[in-house]
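Welcome! Please take a moment to look over the protein shown here, and then we will walk through it together.

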Amino acid sequence: MSKTAIIIYSDPKSGSEEALGRLFNALFLAFELKEKGQETAIVFQGTGTRWPAELVKPEHPAHALYEAVKSEVAGVCGGCADVFGATEDARKTGLKLDYDKA
């Protein structure tokens with residue numbers, strides 16, 4: 001059985017359709033793989049560490065898809081979250097920052 005890592009780098013602060021499209025593509029790929037029973041890990045890296053705080057908002061257009069694959073989220077890059085000012089917001093989502101103990 002194959003294992004797939006999906007790394008999300010796009011920046012929600014860019015406000016672009018492209019950033020949102022990249023997020024949707026990543027989450028939908030995770031959804032498809034989950035449906036097929038394939039092991040998948042979603043990781044938020046770089047400016048992508050800002051996404052979790054947006055995705056937990058019920059009004060966000062990707063919220064339902066995020067909820068469907070939340071179990072596949074391996075975590076958030078802690079160092080990246082620190083650099084891009086997303087640490088506290090990421091912690092509030094309950095996701096593991098990669099330098100935190102499990």
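Why are Phe 28 and Phe 31 separated by about one helical turn? Phe 28 and Phe 31 are 3 residues apart in helix H1, and therefore about one helical turn separates them. Before going further, please note that this is a predicted model, in which local features need pLDDT of at least 70 and side-chain atom pairs count only at pLDDT 80 or more, while totals for chains, interfaces and linings use all residues. Residues are numbered from 1 along each chain as its sequence is written, and side-chain values use heavy atoms, with hydrogens and water left out.

**The aromatic pair**

- The structure holds 1 aromatic pair.
- In this pair, the ring centres of Phe 28 and Phe 31 are 6.1 Å apart and the planes meet at 25°, so the pair is stacked.
- For such pairs, rings of Phe, Tyr and Trp (its six-membered ring) need centres within 6.5 Å; planes under 30 degrees apart count as stacked, over 60 as edge-to-face and the rest as tilted.
- Phe 28 counts as partly exposed at 41% relative accessibility, and Phe 31 is partly exposed too, with a relative accessible area of 27%.
- These words have cut-offs: buried means under 20% relative accessible area, exposed over 50%, and partly exposed in between (1.4 Å probe, protein chains only).

**Strands and the sheet**

- Helices (H or I, at least four residues) and strands (E, at least two) are DSSP runs, numbered from the N terminus.
- An open sheet is formed by 3 strands in the order E1-E2-E3, and the pairing is parallel.
- E1 and E3 stand at the edges with a single partner strand each, so one side of each has no neighbour in the sheet.
- On average, neighbouring strands of this sheet are turned by 20° against each other, direction ignored.
- E2 and E3 pair in the parallel sense over 3 bridges (two strands pair if DSSP finds at least two bridges between them).
- Val 43 has Gly 75 in E3 as its bridge partner.
- H1 lies across E1 and E2, and runs at about 160° to E1.
- For that angle, axes are lines fitted to C-alpha atoms, for helices over the stretch in contact, and angles run from 0 to 180 degrees between N-to-C directions.

**The nonpolar core**

- The largest nonpolar core has 23 residues, and those with the most contacts inside it are Ile 8, Leu 27, Ile 42, Phe 44 and Leu 55.
- Two or more residues come to this core from each of strand E1 (3-8), H1, strand E2 (39-44), H2, H3 and strand E3 (73-76).
- H1 gives the most to this core, with 6 residues.
- Such a core is a set of buried Ala, Val, Leu, Ile, Met, Phe, Trp, Tyr and Cys residues joined through side-chain atoms within 4.5 Å.
- Leaving aside neighbours within four places in sequence, Ile 8 is in contact with several residues, including Leu 23, Leu 27, Ile 42, Phe 44 and Trp 51 (contact means heavy atoms within 4.5 Å).

**Salt bridges**

- The structure holds 4 salt bridges, each being a side-chain nitrogen of Lys or Arg within 4 Å of a carboxyl oxygen of Asp or Glu.
- One of them joins the side chains of Arg 22 and Glu 18 (2.6 Å, N to O).
- Arg 22 and Glu 18 are 4 residues apart in helix H1 (residues 17-35), so about one helical turn lies between them.
- Glu 18 counts as exposed, at 51% relative accessibility.
- Lys 57 forms a salt bridge with Glu 54, and their closest N and O atoms are 3.3 Å apart.
- Both ends are partly exposed: Lys 57 has 33% relative accessibility and Glu 54 has 27%.
- Glu 67 forms a salt bridge with Lys 70, with the closest N and O atoms 3.7 Å apart.
- Glu 67 counts as partly exposed at 36% relative accessibility, and Lys 70 counts as partly exposed at 36%.

**Two loop residues**

- His 60 is found in the loop between helix H2 (51-55) and helix H3 (63-69).
- His 60 is buried, with a relative accessible area of 14%.
- Not counting residues up to four places away in sequence, His 60 touches Leu 20, Leu 23, Trp 51, Glu 54 and Leu 55.
- Glu 72 lies in the loop between H3 and E3, and is buried, with a relative accessible area of 15%.
- With residues up to four places away in sequence left out, Glu 72 touches Lys 34, Thr 40, Ala 41 and Ile 42.
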